[in-house]
Amino acid sequence: MPTTPQLSISAADARRFLVRRHLLAPPRGLPAEPESVLAVVDRLGSLQFDPLEVPGARSHDLVLHARIRGYRRAWCEQWLYGPERRLIELYNKSLNILPLSELPYHRISWERNRRHYDLTILRDQAKTVSAILERIRAEGPHSTSAFGDPAHAVDWWWAPTRAARAVMEALFVTGGLGIERREGNRRYYDLIERLVPGDLLARSEGEEDAMRHRMLSRYRAVGLLAGSGQAEIVHGTGTTPERLRRVAELVDAGLLTAAEVEGMPTTRYLLTEELTILSDARPVSAAVTFLAPLDPLVWDRRQLRGLFAFDYLWEVYVPAAKRRWGYYVLPILFGDRFVGRIEPRYERSRRGLRILGIWFEAGFEPKDEPGFVPALADAVEAYRTFVGADRVSWPRTRSGREIAAALRSLG
């Protein structure tokens, strides 16, 4: 059901609010310490996991690098896989990194998946299930490579795969196994009761509370979001009528506030606790950062177009011949404006950071924009250090040559 807007927000105020509440004003502004990872997850609610490391880091590490000074990927991994485990990998919108303390709200996914997989692969592959669980129970964490005949394949999510791998993934999404650690992109699974404290594992929230929490998590991530939202954002939160009802309930409970936002055709909602951030009228610092394709600030493509006049598509799954920009291109944020795109590629054999392309939005002249070139230099140097490169090379395109020359002129 629609909710009467309580606020009217200008596009400029909305842009400042979003950048500030996303901890990007300034970028890399949080202290250089592992605890800053928890601060980011607390603010955003979740980090979307993707295994690709083409630009030198995975998507969630790019999200953290953009917000934490001197970020190191080991800081996130210590909370995910270390003895003081505070984060966990679970499916929410997709495979997400979530606060471990919120597990009782996300058990609903395990329960729903059991209704399906207990009657399909976990039943059909019962011997494999028993063998995997018995071996992990006796020997500790194992990856899928430790089990099964590579030739024994079953139909699975996207394509036929080894039965053992499919079984372990089914056990993961039903709460039998958890990810104990990763080595590269290889998951090592252990019994979930060894990874989660018993009192927390025993807790479960009711279905309505769990679904409201899941809906609220989308607003925590995006910052401003419509009542129903784009399909890829609200996936797993129920039907459209259910979502609208739950949003109205969250408004009634004082957790969300409805607002009309200039440039956006439908009512948006923000966390009520973040109204103090909205009231901060100070200008956003003119710093540069590169955002991950799955950064929560860019989840809502309609909002990017309506508020920031920035049309972004992650083209990693677009056939090469149809790509407009490149394979793994990152948006460039300058203050509270999206001013262009950059495609970094880390070449491990040469320890080099190669910029395959850099493109700027129509009307944006980087050399003429006060403060932009030094801010870009800071962002490139931070990124180079982050991925562990010794050198940076620029493309021989016109924009690449001009930027390289401008950076050299800084001395």
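## Strands and the model

A strand here is a DSSP run of E with at least two residues, and strands are numbered from the N terminus. The model is predicted. Strand 14 covers residues 337-347, and glutamate 343 lies in it.

Strands of a sheet pair through backbone hydrogen bonds, either parallel or antiparallel. Strand 13 (residues 330-334) and strand 14 pair in the antiparallel sense, over 5 bridges. Leucine 330 has isoleucine 342 in strand 14 as its bridge partner.

## Glutamate 343

Is glutamate 343 buried or exposed? Its relative accessible area is 6%. Buried means under 20%, so glutamate 343 is buried.

A polar atom of the glutamate 343 side chain lies 3.1 Å from the backbone nitrogen of tyrosine 327. Beyond its neighbours within four places in sequence, glutamate 343 is in contact with residues including Trp325, Tyr327, Arg354 and Trp359.

Helix 2 (residues 35-44) packs with helix 11 (residues 207-222). The angle is about 120°, and the axes are 7 Å apart. The two helices are therefore oblique to each other.

Which residues meet? Val41, Asp42, Arg43 and Leu44 in helix 2 meet Ser217, Arg220 and Ala221 in helix 11. By class, this contact has 3 nonpolar, 1 polar and 3 charged residues.

Conventions: Residues are numbered from 1 along each chain as its sequence is written. This is a predicted model: local features need pLDDT of at least 70, side-chain atom pairs count only at pLDDT 80 or more; totals for chains, interfaces and linings use all residues. Side-chain values use heavy atoms; hydrogens and water are left out. Helices (H or I, at least four residues) and strands (E, at least two) are DSSP runs, numbered from the N terminus. Buried means under 20% relative accessible area, exposed over 50%, partly exposed in between (1.4 Å probe, protein chains only). A polar contact is a pair of N or O atoms within 3.5 Å; within protein, one must be able to donate a hydrogen and the other to accept it, and residues adjacent in sequence count only if both atoms are side-chain atoms. Contact means heavy atoms within 4.5 Å. Axes are lines fitted to C-alpha atoms, for helices over the stretch in contact, and angles run from 0 to 180 degrees between N-to-C directions. Angles under 35 degrees count as roughly parallel, over 145 as roughly antiparallel, 65 to 115 as roughly perpendicular and the rest as oblique. Ala, Val, Leu, Ile, Met, Phe, Trp, Tyr, Cys and Pro count as nonpolar, Asp, Glu, Lys and Arg as charged, and the others, Gly among them, as polar. Two strands pair if DSSP finds at least two bridges between them.
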